[in-house]
Amino acid sequence: STGLEFFGRITLETYVLQFHVFMCNDVQHIPVLIPGSDENGLWYLRFLNMLLCGIIFVPLAAWARRVTVTTQTTVVELMKEIRKG
């Protein structure tokens with residue numbers, strides 16, 4: 001499936017970015033983007049906050065993947081040119 005392939009390609013980035021993006025409270029809680037959606041908030045606000053964090057996080061991981069691939073390709077090409085002489 002296309003969705004599984006997409007998430008499979010960004011697995012490493014999601015793993016690494018989770019520690020950087022969700023650095024609040026020793027990585028125990030997701031950020032509160034919607035006021036009132038903290039651990040004592042209403043269930044639907046917490047759910048909407050979780051969705052919003054996911055909507056931001058997944059494209060961020062996909063962008064990080066593109067940057068990683070571009071950087072890797074650039075460095076490999078640069079190394080080839082340096083070795084040529």
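Student: What is the accessible surface of the protein, and what share belongs to carbon and sulfur atoms?

Tutor: Accessible areas come from the Shrake-Rupley method with a 1.4 Å probe. Here the accessible surface is about 6,800 Å², and 66% of that area belongs to carbon and sulfur atoms. Please note that this is a predicted model, in which local features need pLDDT of at least 70 and side-chain atom pairs count only at pLDDT 80 or more, while totals for chains, interfaces and linings use all residues. Residues are numbered from 1 along each chain as its sequence is written, and side-chain values use heavy atoms, leaving out hydrogens and water.

Student: How many helices and strands does the protein have?

Tutor: Both are DSSP runs, numbered from the N terminus: helices are H or I with at least four residues, strands E with at least two. The protein has three helices and zero strands. Its radius of gyration, taken over C-alpha atoms, is 18 Å, well over the 12 Å that the globule rule (2.2 Å times the number of residues to the power 0.38) gives for 85 residues, so the protein is more spread out than a compact globule.

Student: Which residues make up the largest nonpolar core?

Tutor: In soluble globular proteins, nonpolar side chains tend to be buried together. A nonpolar core is a set of buried (under 20% relative accessible area, 1.4 Å probe, protein chains only) Ala, Val, Leu, Ile, Met, Phe, Trp, Tyr and Cys residues joined through side-chain atoms within 4.5 Å. Here the largest has eight residues: Ile-10, Leu-17, Phe-22, Cys-53, Phe-57, Ala-61, Ala-62 and Ala-64. Helix α3 (residues 43–84) supplies the largest share of this core, five residues.

Key
Buried means under 20% relative accessible area, exposed over 50%, partly exposed in between (1.4 Å probe, protein chains only).
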